[in-house]
Amino acid sequence: MPALLEVTDLTKVFGGLRANDGISFTVGAGEILGLIGPNGAGKTTLFHCITGFHRPERGTVRFDGRDITGLPPHRIARMGMARTFQTYVAGGDLTVLETAMVGCFSRTASPSRARIRAREILGFLGLADLADLPIRDLPVAGQKRVALATALGTEPKLLLLDEVAAGLNPGEIGELMDAIRHVHEERGVTLIVIEHVMELVMNLSDRVLVLDSGRVIAQGLPQEVAHDPAVIRAYLGEKYAARYLEEASP
Amino acid sequence: MEALRAAFDFSDFRPTERWVSRAVAAFLLVFPLLPVSSFATATMIQFLMFSLYGMGWNTIGGYGGQVDLGKAQYVGIGAYTTAVALIRWDVPFWVSMPVGMGFAVLWSFAIGYPLFRLRGHYFAIATIAASLVLKDLFEVWDFVGAARGLEIPAHRFATPDFVRLIFKEDVYYYYVLLAFFFGGVLYMNAFRKSRLGYQLRLIKDNEDMARSLGINVHWAKVKTYAIATAFVSMVGSFHACYIKNIEPEDTMSLDLSILIALMAMLGGAGSLWGPIIGAGILIPLKSYFKEWFGARAGLVGMDLILYALIIMVVSAVEPRGIWGLVERHRARRESA
Amino acid sequence: MDILVSSVVAGVLIGMVLALVALGLTIIFGVMDIVNFAHGEFLMLGMYTGLLTADATGMDPLLGIPVAAVVGYLLGIACYWGFIRFLLRGPMVAQLLGTFGLMLLLRNLALLLFGSEDRGVNAGLLVGKSVAFGMGVIVPATKLAAAALSLVSFAAVWLLMNRTRVGKALTATALNAQAARYMGIPTERMNALAWGIGGATVTVAGALIVNFWSVNPYVGLLFTMIAFTIVALGGFGSVPGALAAGIVVGLLMEIPGIWDFVAYATEWDWMMDVPVTSFKYTFVYLAYFVIMVVRPRGLFGWKH
């Protein structure tokens, strides 16, 4: 599998805090990579560095064979990398359809063509009924799905999803999972998924990368990672992890 | 082609809005044929001019959400280009107007490029500062008449002169400007449905998201600023031929910049009708208040006091302006 | 040489007064992130207060200062409770629109009440007197007193903000209004207080300035722009920044004098041909533009 994204030794420092500390990994074309880790592990910072919103102090990001380190976000996006944001709360007056259209405008200048494409994507994500509502009238979970639809409008090769499932009920999580799988299979989009909803990330991902305190502490298949002592320590803390591991081992 | 169709397509407005706008258009067309005073015609010309200023402002200020308080400098560039060209080289209006727009757009790039690194209040104040610097320069620049300004020697030309846009009767000016006005409305109608229009509205709402979708936010703002500028400069050129007497103090003053922004904000920033409503209410009020109170001793400034109170009440009650009030009322009626 | 020194001294003195003009703007901005476009109009009212108190009572114009402080304080509080409070919930556009409205209102009220002609102080203890410093530097006594008193006002505000309970509450509100509310600080009242202090300092500045600057209802806008520049230069919301930046802006306004000195000293004719006095305020506007683009946090790097 050729690497679509190649991150090498990526380091981002805020004041004295190393939010990302020498992170290296690759994502192959067609893969779904889960990105997990406790709060403050540096997941969103990593997204910001990859997509150009932060400029890393050290390290390189290569995408589709080109070095994109330090490029501005819109140039990276135009190369075929889209993302959603952890917090997206709309205050404007755009409707759901119009928001999705803005994504499609990165591929066409024609409003009528953008409108057709946007309707198609909204239908595909089960948002067709909401098309004419102002986006600010949607609950946050709904807004995040609109953000996903908008990102898809750019027809990305790589899509970075930052906690799209937060705040959803189990039924909705199931629907979202189907939708993401659909995106992946039908459109051949490579995905990196930050998620706290383990059910989703463990079921979807081909491979999982675990961050803690800005470093990669484990990577591998979902089942392997779930049983990795280092990961359990990171999530539960030293003391409880020891107890848990004791109980788990026969 | 698609843009042209979009310009004439008002189908996404409600039937009542379409009927009202048709009625207003018809009224504007026949207005000079009615038995009206020359004062009323002059007021209507002011209304049309400020509607156009407001439409231009509305692209960047309304749809783009960047409160621009320096539009007067571009009124000045348009007005001075036309006046200087006519006085010195007898250049027709229809040539000097696009040339003026060209100068204004070039200047807007020079100013806009650094300016759009700023946001919010900082941006608004910087636009004022930039505009005042240009005005100060014009006040000492002898080529453009410095602080004395310029006067177009209208008596030298046989009127009506459609090439130089020199008329004796206001009614000619009225119809030329009305053509600009309808053109402006059509342009704005296409603009709000264009790629740039939608992108701007997302930028206003969420810049980071816009960036992540491949939009060069800075360039989109600079581009829109140039569009706004072209609009304003065009009306500035008209202003020169209409008023015939221009000086930095009235074509480039901060008061003018503020008035332009105020019209659009009061009417409803970011809506097609907003600037027209704003100008339609404020201009007649201003003219007639001045007429009523200005002449009476002891009531100097009374017109502007009432004017200020209206602005204050609207800003406190409904920040989306008068159009916002209309929409709120409509939403309430529909939910009831 | 004496032109140069006089220019610099004059710049520093006027700068201290201008700093006081900007102080209220920076406090208000710091506490509630609102830019008051009517700030210069407060100053204009302060100028009239100083002038009219002197006229009415026959006392020295400097005695109008406490009156101006009271008027400004009450005006600030009244504006907040009567109007500004309603703008805070709205977007920035509404705040701009609203404070513009306030500006127009105050300006035209002044026009209605006081008329449009220029008026100035022409009698008083210090008027017409001057102090010689040697080296050919002669400073009008009014400017010297104004600068000194504005420093005193600055010190008073600084003490109020840093040494009193209520001042600390105000600072807390400026740093984080929500947290301050959780700590039991009545932030609404703190906002009002910021407007009171802002109003009082700027009207005091007005009462000082009127001793050497004539007043008319339109004088406010120029000072609003100067105050914006000072606040931008000193860092939005920073009190010590305002003082330093005020002096810098005062010096900027004396560029024509310094220019003349260089022109005469070097005998460069082209410099003498430039009508530099016409650009007295242009330098101030230009400074705002350049500072904001190059260093949006202010020249001195204080964060708000």
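I'm working on a predicted model, so every value below is computed.

**Entry 1: a salt bridge in chain B**

I looked up B:Glu327 first. Its relative accessibility is 32%, so I put B:Glu327 down as partly exposed. Its side chain meets that of B:Arg320 in a salt bridge, 3.8 Å from N to O. B:Arg320 comes out at 42%, so this residue is partly exposed too.

**Entry 2: where chain A meets chain B**

Next I went to the interface. I get 32 residues of chain A in contact with 18 residues of chain B. The area buried between the two chains is about 2200 Å², and carbon and sulfur atoms give 60% of that. I find seven residue pairs in polar contact between chain A and chain B, counting pairs with both residues at pLDDT 80 or more.

Which elements of chain A supply at least two residues each to the side that touches chain B? My list reads helix 2 (73-78), strand 6 (81-83), helix 3 (96-104), helix 4 (111-124) and helix 5 (140-153). Helix 3 of chain A gives the most, with five residues.

**Entry 3: the bridge between A:Glu98 and B:Arg201**

I then checked salt bridges across the interface of chain A and chain B, and the rule finds two. One of them pairs B:Arg201 with A:Glu98, with the closest N and O atoms 3.3 Å apart. B:Arg201 lies in helix 8 (residues 195-205) of chain B and A:Glu98 in helix 3 of chain A, so the pair joins two chains. Buried or exposed, I asked of B:Arg201? At a relative accessible area of 13%, B:Arg201 is buried. A:Glu98 has 15% relative accessibility, so I count A:Glu98 as buried.

**Entry 4: salt bridges elsewhere**

Over all chains, my search of the whole structure turns up 26 salt bridges. In chain C I picked out C:Arg107 and C:Glu41, whose side chains meet at 3.7 Å, N to O. C:Arg107 sits in helix 4 (residues 92-114) and C:Glu41 in helix 2 (residues 39-57) of chain C, so this bridge ties together parts that are 66 residues apart in sequence. Both C:Arg107 and C:Glu41 are buried.

I also noted a network in chain B: salt bridges with shared partners join B:Arg119, B:Glu207, B:Asp208, B:Arg211 and B:Lys221.

**Entry 5: helix 1 of chain A**

How many of the eight residues of helix 1 (residues 43-50) of chain A are buried? I count seven, which leaves the helix mostly covered. The buried ones are A:Lys43, A:Thr45, A:Leu46, A:Phe47, A:His48, A:Cys49 and A:Ile50. Just after helix 1, I see that A:Gly52 takes a positive phi of about 90°.

**Entry 6: B:Pro248**

Last stop was B:Pro248, which lies in helix 11 (residues 248-251) of chain B. Its relative accessible area is 0%, so B:Pro248 is buried. What does B:Pro248 touch, leaving aside neighbours within four places in sequence? I wrote down B:Tyr80, B:Lys135, B:Phe138, B:Glu139, B:Ala146, B:Ala147, B:Gly149 and B:Ser253. I also looked at B:Asp136, 112 residues away from B:Pro248 along the chain, and the two C-alpha atoms are separated by 8.1 Å.

Definitions and conventions. Residues are numbered from 1 along each chain as its sequence is written. Chains are lettered from A and ligands numbered from 1 in the order in which they are written. This is a predicted model: local features need pLDDT of at least 70, side-chain atom pairs count only at pLDDT 80 or more; totals for chains, interfaces and linings use all residues. Side-chain values use heavy atoms; hydrogens and water are left out. Contact means heavy atoms within 4.5 Å. Buried area is the accessible area (1.4 Å probe) that two parts lose on being put together, summed over both. A salt bridge is a side-chain nitrogen of Lys or Arg within 4 Å of a carboxyl oxygen of Asp or Glu. A polar contact is a pair of N or O atoms within 3.5 Å; within protein, one must be able to donate a hydrogen and the other to accept it, and residues adjacent in sequence count only if both atoms are side-chain atoms. Helices (H or I, at least four residues) and strands (E, at least two) are DSSP runs, numbered from the N terminus. Buried means under 20% relative accessible area, exposed over 50%, partly exposed in between (1.4 Å probe, protein chains only).
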